[in-house]
Amino acid sequence: MSRDIRPSEERIWADIEALSEITDSALPGWTRQALTQADVDGRHRVRESMQQAGMETWIDTAGNVIGVLAGTAGGGRQLMLGSHTDTVEGGGRFDGVSGVVGAIEVVRALREADRRLRHDLVVVDFFSEEPNRFGLSCVGSRAMTGTLGHDTLGWTDSAGVAFGEVLPTAGIDPARVGEAVWDFSKVTAFLELHVEQGPHLEELGTQIGLVETITGVSRFRALFNGQSDHAGTTPMSRRHDAGCAAAGTVLAVERIASGQRDAKGTVGTLTFTPEAVNVVTQRAEMRGEFRSPDGTWLRHAEESLTRAAATEATGRGVTADVEWSTRQEPAGLSGGLLGTVADAVDGLGLSRSTLYSGAEHDAAVLARRVPTAMLFVPSRDGRSHCAEEFTDPAGITAGVAALAQSVLRVDAAEGTTS
Ligand code: GLV
Ligand code: MN
Ligand code: MN
């Protein structure tokens, strides 16, 4: 006899706490960045949880941890859930982790209630969702969807080391990353549970957010080359200061994105060479990004920034080289699937509102291949990508319950042959 699905707050919290102990103690917050030992260890812990939940598991050739709970239809249609467990430097315990732990809890709750799905239920902990030190994000989901691009293996970090060269440290053979492509023709839907990372749900007082659109992202690396000179003797009029050209470009990013609804512009890294207080900067390197739900505006922002960097450089006799590394278009999620999730949320008596996601997610990558929906749960004070990031256990458990009921509804609606 099948019983009600009851996700366990205790199990969810224990999993989150266990992962929060697998972090890099030399860095602040709860840091588990991709391509570090903490991330390798964390993903093995996730795999063990999947095994204990009764799933068949493996790590694919792109580093994704995959678990499958077989359905009654015998290897036909699949339903996919997942998120990521890597973090930004100094990040929190919930970003991505809630979705992976939540998906595994759906499996445990289904089994505990003796409920069999017709679909195979596939849970994925996607590799390197956060931008890594090569400026590359959503690596695992891009590899699974065949959109990673072979050229990314040659992308270099600030020390000139190529992405492909460091992959073996995470147990990944760069020559085999392409083999991770998944056959999405078998996948009925992808669902990702995530913390909101912003203030809206808390302000609205609603328990579940249904994401309609995920932001587009354009990331750049800009290099400015000038001339190093003595800081005390070189007249201001005779300098070729790459640092000043870079500083002007930082402000241009702020100017371009300001006043535009939902647009964001950020410079996250900036390094000067030589790093000396008494030398005019010869070389400056920065990485930054624009985000917007409007793809046309992103193209406009790219052109404006490239022009602004050239202007800042030329006026100082400095050269500017701007490269656009990531160009991810805004992703509209599946209206039909969101309707199913909304019914599941209503059926549980939870409150809901619809949202736009200014954060990037694996769901945006998957949405190009398969009907995709995303559920948010509130973040305290809207804080995220910081150590203070917090969602209370009851809030996450409500999200997991909504995820589980959505899975049941999608499974029942799709005509499989069980
Ligand atoms: C991922 O968290 C992002 O939005 O950068
Ligand atoms: Mn994040
Ligand atoms: Mn995330």
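Along the chain, the donors of the manganese ion (ligand 2) follow the spacing D-x34-E-x254-H. The model is predicted: local features need pLDDT of at least 70, side-chain atom pairs count only at pLDDT 80 or more, and totals for chains, interfaces and linings use all residues. Residues are numbered from 1 along each chain as its sequence is written, chains are lettered from A and ligands numbered from 1 in the order in which they are written, and side-chain values use heavy atoms, without hydrogens and water.

**Exercise 1.** Identify the residues that coordinate the manganese ion (ligand 2).

Solution. Donors are N, O and S atoms within 2.8 Å of the metal (3.2 Å for Na, K and Ca); water is not among the atoms, so sites may look incomplete. Asp95 (OD), Glu130 (OE) and His385 (NE2) coordinate the ion at 2.0 to 2.1 Å. Asp95 also coordinates the manganese ion (ligand 3), 3.6 Å from ligand 2.

**Exercise 2.** Determine whether Glu130 is buried or exposed.

Solution. Buried means under 20% relative accessible area, exposed over 50%, and partly exposed in between (1.4 Å probe, protein chains only). At 5%, Glu130 is buried; His385, at 39%, is partly exposed.
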